[in-house]
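Q: Can you walk me through this one? I'd like to start with a helix and then look at a sheet.

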Amino acid sequence: MATNPRIVITGTSGRMGQTLIGLIVASEKMTLTGAIERSGHDWIGRDVGEAMGGAPLGVIVTEDVAGAFAQADAVIDFTAPAATIAFAQAAAEAGIVHVIGTTGMTDAEIAALKPHAARATIIRAGNMSLGVNLLTQLTKRVAAALDDDYDIEVIEAHHNQKVDAPSGTALMLGEAAAEGRGVKLTDVSDRGRDGITGARKRGDIGFTAIRGGDIIGEHDVMFAAAGERIILRHVASDRSVFARGALKAALWGQNRKAGAYDMLDVLGLSEPD
Ligand SMILES: NC(=O)C1=CN([C@@H]2O[C@H](COP(=O)(O)OP(=O)(O)OC[C@H]3O[C@@H](n4cnc5c(N)ncnc54)[C@H](OP(=O)(O)O)[C@@H]3O)[C@@H](O)[C@H]2O)C=CC1
Ligand SMILES: O=C(O)C1=N[C@H](C(=O)O)C[C@H](O)C1
């Protein structure tokens, strides 16, 4: 019988870290072998199940990244940009799959992952849910079908602890809309309107971020024209949609050629070039 892939979680105490651990422990297809927190965190040295307020799981939370990665087949990482870059180096050195859900990365930070993808399988997406990845494809098709008479606006809403804006998902949807229109998002992106902004520029793709309460993640792509609006919407009501996608990615990445992949690859939604 083949053994299950061994999975390490980073950012263990976080919203996504704890959601992932709950799902791995309930899964028959993978085994939790490591739980990482940063130096000084009060979970270090404790059994992760007990730290989460439940039964012991036999995995002790550690700050020893190299030690945990040496005993693993994949790391699932929903933390912060600087941490993710350090984890990418350690994952490449250990030769394990690195699933990255972290958002808010700059272009330079994304470029810093590239050398590591030459040595290891990296799967990164601003949103790991099936629904959002499908929505990117729909957005691209609608944007391709409509001309600039339709103003494109991406509106996102998240909980009051989120630190980055626009969300990774909003940027994925903006990229998809730009691709559908055959333009570069960086040339048409309109972010952070405030004050006397002047009239909307034809062809721009606008972004609006709402932050409040415990909203898990909601995204609208609006195509607004004179006399009508088309709105494509995704609402996440449970973080497990992201976590299930990440677990699928960790399994899909096993024995995969080194390289940089996204969830469209994992879900088989990539369109031929
Ligand atoms: N791609 C997707 O589908 C999704 C992506 N995300 C993204 O995942 C990330 C995490 O989200 P969420 O779980 O809600 O956030 P939380 O703040 O709840 O958790 C983040 C975790 O990462 C740890 N962490 C942060 N910075 C560092 C660091 N420099 N070194 C080591 N550990 C660090 C935190 O530790 P500490 O408590 O010590 O700060 C914490 O355990 C965000 O970027 C978010 O946007 C979220 C949901 C879905
Ligand atoms: O921080 C979050 O919570 C989420 N982040 C991701 C994003 O930035 O789009 C995915 C999801 O919307 C939840």
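Predicted model: local features only at pLDDT ≥ 70, side-chain atom pairs only at ≥ 80, totals over all residues.

Q: How many residues does helix H7 have?
A: H7 has 14 residues, 168-181. Helices (H or I, at least four residues) and strands (E, at least two) are DSSP runs, numbered from the N terminus. From first C-alpha to last, H7 reaches 20 Å, close to the 20 Å expected at 1.5 Å a residue. The expected span is 1.5 Å times one less than the number of residues.

Q: Why is H7 called largely enclosed?
A: Because 12 of its 14 residues are buried. Buried means 20 or more other C-beta atoms within 10 Å of a residue's own, with C-beta atoms placed from the backbone. Among the buried ones are Leu-171, Met-172 and Arg-181.

Q: And what comes after H7?
A: Gly-182, with a positive phi near 75 degrees.

Q: New topic. In what order do the five strands of the open sheet run?
A: E8-E9-E7-E10-E11, with mixed pairing. Two strands pair if DSSP finds at least two bridges between them.

Q: Which strands are at the edges?
A: E8 and E11 (228-236), each pairing on one side only.

Q: How many bridges join E10 and E11?
A: Nine, in the antiparallel sense. Met-222 stands opposite Ile-231 in E11.

Methods:
Residues numbered from 1 in each chain as written. Chains lettered and ligands numbered in written order.
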